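Morning, everyone. I want to talk about aromatic ring pairs today. Have a look at this one with me.

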Amino acid sequence: GGYRLTAESNVGGYAGLNARIDARKFSILPEINYTFNSYDLRADNGSLSSSSRVKVNSVEVPILFEKRFLQLFRIQLGPVFNLWSETTTGVVSGDQAAAPMVMSTRSALGYMVGLSVSLGGKFSLTGRYGGDFAKQKQAVSIGGQTAYIHPRVSSLSLSVGIKL
């Protein structure tokens with residue numbers, strides 16, 4: 001029979017630079033971020049099972065529009081463009097010949113929404129949720145066969161901002 005694939009997400013992170021362009025009623029927040037994420041992919045066909053850790057590193061450019069309200073809060077919304085992505089896979093457990101190996105990932109255009117709270121003059125706390133407008137397409141090799149999966153990737157991030 002065929003293999004059943006299941007995925008379990010892990011914690012990732014990002015580092016980046018951002019700017020603020022203030023207009024009359026809103027601000028534009030262009031950013032460039034290096035992101036790193038991973039998940040465990042398990043393949044099981046009833047008699048064989050194995051799992052792999054998939055690591056995805058990428059460079060993303062969010063262009064967010066921000067609106068301030070009640071002096072302390074800012075709501076953010078905008079598209080996220082993926083400029084570059086690299087996917088690596090390593091076997092974690094089980095039969096290496098049957099381990100799922102992600103061969104490629106096609107990135108999709110994404111979105112991000114967030115809320116920022118001012119913590120005084122130079123500090124802010126921001127929470128953001130992001131995802132893809134469409135499911136990604138990943139080629140996976142299992143036991144010499146190629147299959148395509150379409151995971152919908154989302155992220156939740158919390159950050160502390162320091163104004164320089």
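A definition to start. Rings of Phe, Tyr and Trp count as a pair if their centres lie within 6.5 Å. For Trp, take the six-membered ring. Keep in mind that this is a predicted model.

By that rule, the count comes to 5 aromatic pairs. Here are two of them.

Take Tyr-111 and Tyr-129. Their ring centres are 6.4 Å apart. Their planes sit at 45°, so this pair is tilted. Stacked would need planes under 30 degrees apart, and edge-to-face would need over 60. Now place the pair on the chain. Tyr-111 is in strand β8, residues 110-118. Tyr-129 is in strand β9, residues 123-132.

Next, Tyr-111 with Phe-133. Here the centres are 5.4 Å apart. The planes are at 45°, so this pair is tilted as well. Phe-133 lies in the loop between β9 and β10, with β10 covering 137-142. It is 22 residues from Tyr-111, and again the pair links distant parts of the chain.

Is Phe-133 buried or exposed? Phe-133 is exposed, because its relative accessible area is 53% and the cut-off for exposed is over 50%.

Ring pairs join Tyr-111, Tyr-129 and Phe-133 into a cluster.

Conventions:
Residues are numbered from 1 along each chain as its sequence is written. This is a predicted model: local features need pLDDT of at least 70, side-chain atom pairs count only at pLDDT 80 or more; totals for chains, interfaces and linings use all residues. Side-chain values use heavy atoms; hydrogens and water are left out. Helices (H or I, at least four residues) and strands (E, at least two) are DSSP runs, numbered from the N terminus. Buried means under 20% relative accessible area, exposed over 50%, partly exposed in between (1.4 Å probe, protein chains only).
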